[in-house]
Amino acid sequence: MINDAHDAPAVVLIHGLWVTPRSWEHWVAHYTAQGLQVLAPAWPGVEGEVEDLRLDPSPMAGIGLEEVVNHYEAIVRNLDRPALLIGHSFGGAVVQLLLDRGLGAAGVAIDSAPVKGVLPLPLSTLRSTWPVLRSPANKGKAMGLSPRQFHYAFANTLSEEESLAAYDRYHVPGSARVLFQGAFANFNPRAVTRIDFRNDRRAPLLFIAGGADHIVPPQVNRANARLYRKSAALTDYQEFAGRSHLTIGQDGWQEVADYAMDWALNRALLLKTPLT
């Protein structure tokens, strides 16, 4: 897939809410085996093993999305050249925000949480996030999903047994504040997720959607991608049929990983993005 991995940019994988960098374990091994430099840093407060974070999720309580984005910006700016940025779920929103700040050689947003301006709000999204959003008192807490809620929201195309195995392997409580910031962005003129969709100077951006995703159905990703139509910068969209929100970890993840890398690497090398 890669002719000369030594000349390729580093790859920064950005996880989403309710999981840790462990959610990228297959992708890290897959890309590293190809000779790529791969980084999968944790969100602030999400450092440590899944099992430990379940016992004590307090470090992530109250963490906001701006802190998450600034954290990744510092990591990316410390690299010797622009990286390929690949994010899942809220990590996809972080990728969009980093590209808008002029960072990255190319970005891939997988099952991306919507940014300010995205209007569709499917019932499956509401059902997936309602356990947290139903009470404003939850905003400062670290909250998780039950195995049943996880199965509906993340792993609806998997069997109950497969979903439970994924839950045990990956799920942790997440910062409710991040979810509130994303959910109510359209009512906040100073929302953290506001983006200049007319930015012609940003790096190429690819949206990847799972056709059966309950948290972020394809219509949400398509609406997000359409907001960039007035920018001269490249924006692409690819949908994988039958994939749940757990597309980076369910069977067939290699197809998604290879598509994302081929697209990002080809666009980055084609444009020869200058150092940032």
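**Helix contacts and buried residues**

N221 has its place in helix 9, which covers residues 218–226; a helix here is a DSSP run of H or I with at least four residues, a strand is a run of E with at least two, and both are numbered from the N terminus. This is a predicted model, in which local features need pLDDT of at least 70 and side-chain atom pairs count only at pLDDT 80 or more, while totals for chains, interfaces and linings use all residues. Residues are numbered from 1 along each chain as its sequence is written, and side-chain values use heavy atoms, with hydrogens and water left out.

- Not counting residues up to four places away in sequence, N221 touches D111, S112, F207, I208, A209, V216 and Y237, where contact means heavy atoms within 4.5 Å.
- S163 belongs to helix 7, residues 160–170, and counts as buried because its relative accessibility is 2%.
- When residues up to four places away in sequence are not counted, the residues that S163 touches are F150, H151, A155 and L158.

**Helix 3 and its packing against helix 4**

- Helix 3 (residues 65–77) packs against helix 4 (residues 90–100) at an angle of about 60°, and their axes are 10 Å apart; these axes are lines fitted to C-alpha atoms over the stretch in contact, and angles run from 0 to 180 degrees between N-to-C directions.
- Helix 3 brings L65, V68, V69, Y72 and E73 to this contact, and helix 4 brings F90, V94, L97 and L98.
- Of the residues in the contact of helix 3 with helix 4, eight are nonpolar, none is polar and one is charged, where Ala, Val, Leu, Ile, Met, Phe, Trp, Tyr, Cys and Pro count as nonpolar, Asp, Glu, Lys and Arg as charged, and the others, Gly among them, as polar.
- The buried residues of helix 3 are L65, V68, V69, Y72, E73, I75 and V76.
- Seen down the axis of helix 3, these buried residues fall within an arc of 165°, so they line one face of the helix; the arc is that of the directions from the helix axis to the C-beta atoms.
- The elements against which the buried residues of helix 3 pack are strand 1 (11–14), strand 2 (38–39), strand 3 (84–88), helix 4 and helix 8 (176–183).

**L98 in helix 4**

- L98 lies in helix 4, and its relative accessible area of 0% is why it is called buried.
- Leaving aside neighbours within four places in sequence, L98 is in contact with I14, V69, Y72, E73, L85 and L103.
- From L98 to W43 there are 55 residues in sequence and 14 Å in space, C-alpha to C-alpha.

- In helix 5 (residues 123–133), the buried residues are S124, T125, S128, T129, P131, V132 and L133, and their cover includes strand 5, helix 6 and helix 8.
- G144 sits in the loop that runs between strand 5 (142–143) and helix 6 (147–153), and with a relative accessible area of 33% G144 is partly exposed.
- Apart from neighbours within four places in sequence, G144 is in contact with W18, Q149, H171 and P173.
- G144 and G242 are separated by 98 residues in sequence and by 25 Å in space, C-alpha to C-alpha.

Technical notes:
Buried means under 20% relative accessible area, exposed over 50%, partly exposed in between (1.4 Å probe, protein chains only).
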